[in-house]
Amino acid sequence: MNLQLSSVVYFSIMSNRLRLVLKCIGTTGFVLATVLALGQDSLFIMRGTWDQLPEAPQILRLNSSANWSEQNAILEREAGMASNLVIVNTDSTSHVWALLMGETEGITIEPGDTTVVDLPALPVGTYRLGLIDGEGSGLGAQSMLQVGLQSDGYPALFHWTLCDWETGQMAAWSSGTEPDPSEAYVPNYFSINEQTYPTTLEDPNALVSLALGDTCWIAVANHGQMDHVLHFHGFHVEVLTSNLQPARIGWSKDTVPVKKGEGLTVQLVANQAGIYPVHDHNLIAVTNAGFYPGGMLTQIIVDQ
Amino acid sequence: MSTVKHILRTVTLISTACLATSIHAQQQPPQLFSGMEGYTFLPDGTPVPIWGYGWVADGFITLPAPLLTYNEGESVQLNFTNPSPESHTIHLHGLDVDQANDGVPGTSFLVTTGDDATYSFDADYPGTFLYHCHVTTTLHLTMGMYGMVLVTRPDFTLYEGGPAYAEDVPLLFSDLEVATNLDPVGSYPFHDIRPDVFMINGESGSQLEAPERIVHFEPGQPLALRLGSMAYSRVVCQFPPELNATCYMSDGRPLPTPFEPNALEIYPGERFTVLVDPEPGWDGTLPCEFWSMVDETLESVENIHIRDAALTVEEPQFIGAMGYPNPTRECITWDDARQIEVWNAYGVPVADLRFERGVLDVAGWPVGTYVARIDGGRSVRFVVIG
């Protein structure tokens, strides 16, 4: 899909004099000015560590502020309305940003630079965005864009960003080298919202908690290098949106494939009380470093 | 009995009998038992250890586990006995059972060694479902503890207002990694399991080319292919246009809009119900590709042979070889049989058979699995229950 992002890099259209002034003021000042002027929200490309993957020395994230978080920020937009987004690269290397809808080219953001990009008007659904350079995507700086899913609390909205990780690849990217492309991909960690089970149960978006009779929507995005397939115990869900499998919209499913690069939205009606697992039914993905249970596993809890 | 003896006797048994799960719907098993000392056999005859479920307490298990069939609307009480040395459960995949009957350790009950349990649920929706052990799932399911569940309607329609069909054809895709099954304790870490045997109803390669594995049809009498996957792989069924296939259901629910599949993707845990009404005289295969979920390489292509029944006149034993009822308490009938030989599950011949006009009297026989060779040719499995 070619959405003609027509991104606007403000630095590129500013006069050299203004650019020099802004450089002097500094990135933070520019961002604050931009946000105040245009009311945009921001994503900060940040580098840090991740307690759940001790073998991975460094990771990258898209945070909503300059405060480090292990979880990527989730963005929201209204359906059918174009908007802007400020991206601040606090990392020491350049990265390439894109709305991830099949694009192979993006916007390069140099270290310390700030970019304002256009987000096109999109229909209701779940989308992916983030870094598409090898290091950026390999270290996990990819997030979710929810369009038209905000509903003032009803239906309740949850989100699951799925990813698979090979810590050997991550170690290579962290050390500034590219992983050997001839090496087989052997993912050894699997996550929902950058959490691995049982920590997924501590994430209020990964753990779906509902009252009996409630309806919720779950926005799902697959940032990994492989397809995943979510099995819901206790419930069937209805596929509301999908960018890669539109033929499946309207299907009622207990086992939902989420293809590599896909964003989809499902609706769940909590018609029975209890605690029910949801997990990847590709069983290698319900492990942490090879040990079961772990990985891509969470729960739906329905109170009477 | 030593493991070696068990293998040898089972190999002997297999050499004279075809023990793979029938693709024809059987009478609902009254009880499931677990087992951890079973074997399946690769096309070259190599025995591979499996864990699984069976119908009888003598430890005889099959890959896949017995087909469970229920009627729509039935209140089901599925009894389960675990005589094996590890705890097990039954997760009724897709049947949306309540938490207590979900078969998940920690949130549902665990059936420990020597225990009996009953899983209770209502079969509210017709369709294709699965079941499997959910204890250390990466190991117990991988070792073979899985099977298919069909919920059907007596009027042979897929669902209320849905299309009619003539016969159910359960087709369960799965795979295994031989090294894991040979050494389950040493199978850690689980994330690097890479299957190397790819199966349809527990068989692969040349096993699927056996005459008794051919799916026969009569023109104008649609077959309901009940496709489900317990594989690690992504399965892609490549439907030839001559099959006139239409996909009506997925995961036990009607699709909003049925469609004619060309390449139907089936991910692990998914099910589809596809009606086929092949062209008269058609004799061909439905190729099923197994693709790696990790690196998208094509791992294997297994074929389902489908043939117009009118082309199989040279094999009269095909008709009536199933035997009924099966399982049985008193007697079992093969309509066209004139002569019969029977072995128990350990390959020991059963003497002094009471057999007359196609009816074998089994009253008083020990509970167990038996194999009958009919008229010196076709061999079939049957079960005697208490």
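Two strands are said to pair if DSSP finds at least two bridges between them, where strands (E, at least two residues) and helices (H or I, at least four) are DSSP runs numbered from the N terminus. The legends describe a predicted model, in which local features need pLDDT of at least 70 and side-chain atom pairs count only at pLDDT 80 or more, while totals for chains, interfaces and linings use all residues. Residues are numbered from 1 along each chain as its sequence is written, and chains are lettered from A and ligands numbered from 1 in the order in which they are written.

**View 1. Strands β9 and β10 of chain B.** Strand β9(B), residues 167-176, runs antiparallel to β10(B), and four bridges join them. Asp175(B) has Phe198(B) in β10(B) as its bridge partner.

**View 2. The hairpin of β14 and β15 in chain B.** Strand β14(B), residues 245-250, and strand β15(B), residues 253-259, run antiparallel and are joined by three bridges. Met249(B) finds its bridge partner in Pro254(B) of β15(B). Two residues lie between the strands of this hairpin, and in the turn Asp251(B) has a positive phi of about 50°.

**View 3. The six-stranded sheet of chain B.** This open sheet, with mixed pairing, has the strand order β10-β9-β12-β17-β14-β15 in chain B. Strands β10(B), residues 197-200, and β15(B) stand at the edges with a single partner strand each, so one side of each has no neighbour in the sheet. Neighbouring strands are turned against each other by 25° on average, direction ignored, with axes being lines fitted to C-alpha atoms and angles running from 0 to 180 degrees between N-to-C directions.

**View 4. The contact between chains A and B.** The contact takes 32 residues from chain B and 35 residues from chain A, two residues being in contact if their C-beta atoms, placed from the backbone, lie within 7 Å. On the side of chain B that touches chain A, α2(B), residues 137-140, and β15(B) each supply at least two residues, and β15(B) gives the most, with three. The predictor gives the complex an ipTM of 0.89 and a pTM of 0.85.

**View 5. Confidence along chain B.** Chain B averages a pLDDT of 88, and 89% of its residues score at least 70, where pLDDT is the predictor's confidence in each residue, from 0 to 100. Over residues 1-27 of chain B the pLDDT is below 50, although this stretch has 49 contacts in the model beyond near neighbours in sequence.
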